[in-house]
Amino acid sequence: MKLLTLVTCLFTFIIKLIFAQQNSTSESTSTLISQYGNSFKNQGGNILHDKVNVYIIFYGNWSSTQQQQEQVTFMNFVENISISPWFKILNQYSDNSGRTVTGPLNLAAAVNDAGSHSLNLTNDIHKQIVEDAVNSGYLSPVNRLDSNGVYIIMGGPDVNDSEFCTTNCGYNSYSNDFQYMFIGYPGRCSSSCMPQVNVNSSPNNSPAIDAAITIFSHEIQDILTDPRNNAWIISENNTNYELGDFCSGKGTVSYQFGNVTQETSGSYNLELAGSKYLVQTIFDLETKQCSLGSK
């Protein structure tokens, strides 16, 4: 299991823990690049290539007008991010068959689940939420799991996860049949799960959903390049590092978010389809730098 750990500095997020057995590391991202940047390679596993279907389960209460708009904001980001220079950096990541992460991400389906497995979740229930949603027919008309897709459980403001806000803001993992991620509602713990510059105002008028997009921008890097924990990953001293870890870290550093524009409406570093977002940079294999891509 891969966890997105809390960092309570000015810009938050991330050193991930995998399979829940590691402790947080104090190693900085710049050290990761200097130590592993030249040796980072695919360990033999497959990546998610070509079109990747994305299925979203909005779990909990998303019934208010604001929350419905937040759903639209998140879905618009997922639907459009593949055309960005930021996403194109992922084209550098391939598997042994020569396939690369080209995308696009395709928003295949989205459903509401008011809380079929209670509003107090534990890590062992997330897979069941996905499987039940697929079996219901609302995510798949043929009641079939998409082994090459990505399932996202978006926790609403009334959803509590056993490690959310205390150990993680979100995480990604997999079963034998699919990949998935859970992202909690950052508004439940703004000091831990929101970039502090966007706590009071944010580019899309929702600090919570803008923070969720930032979290997603880390997790999607990992799930596309290392869907089964055997591709683009470094394992050393009982600690695993994936693509998203190279450009995460503590503090207000440029490798984390690149060139950030600060406005009264919030901070952003990516403009896409008429909207603005704050995303985590991606490690560029060619330049050995964290990048937002070339326009």
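Me: Is Cys290 buried or exposed?
Reply: This is a predicted model, and in it Cys290 has a relative accessible area of 15%. The cut-off for buried is under 20%, so Cys290 counts as buried.

Me: Which cysteine is joined to Cys290?
Reply: Cys290 sits in strand E17 (residues 289-291), and its partner is in the loop between helix H7 (243-246) and helix H8 (254-257), 43 residues apart. The S to S distance is 2.1 Å, and with -100° about the S-S bond the link is left-handed. The partner is Cys247.

Me: Why is the disulfide of Cys169 and Cys193 given its handedness?
Reply: A disulfide joins Cys169 to Cys193, with S to S at 2.2 Å. Cys169 lies in strand E8 and Cys193 in helix H5, so the pair ties together parts 24 residues apart in sequence. The torsion about the S-S bond is about -95°, so this disulfide is left-handed.

Me: How many residues does the largest nonpolar core have?
Reply: Phe74, Met154, Phe216 and Leu224 have the most contacts inside this core. Helix H6 (residues 207-225) gives the largest share, 10 residues. The whole core has 61 residues.

Technical notes
Residues numbered from 1 in each chain as written. Predicted model: local features only at pLDDT ≥ 70, side-chain atom pairs only at ≥ 80, totals over all residues. Heavy atoms only, no water. Core = buried A, V, L, I, M, F, W, Y, C linked by side-chain atoms within 4.5 Å. Buried < 20%, exposed > 50% of the residue type's maximum accessible area, 1.4 Å probe, protein only. Helix = DSSP H or I, 4+ residues; strand = E, 2+ residues; numbered from the N terminus. Disulfide = S-S within 2.5 Å.
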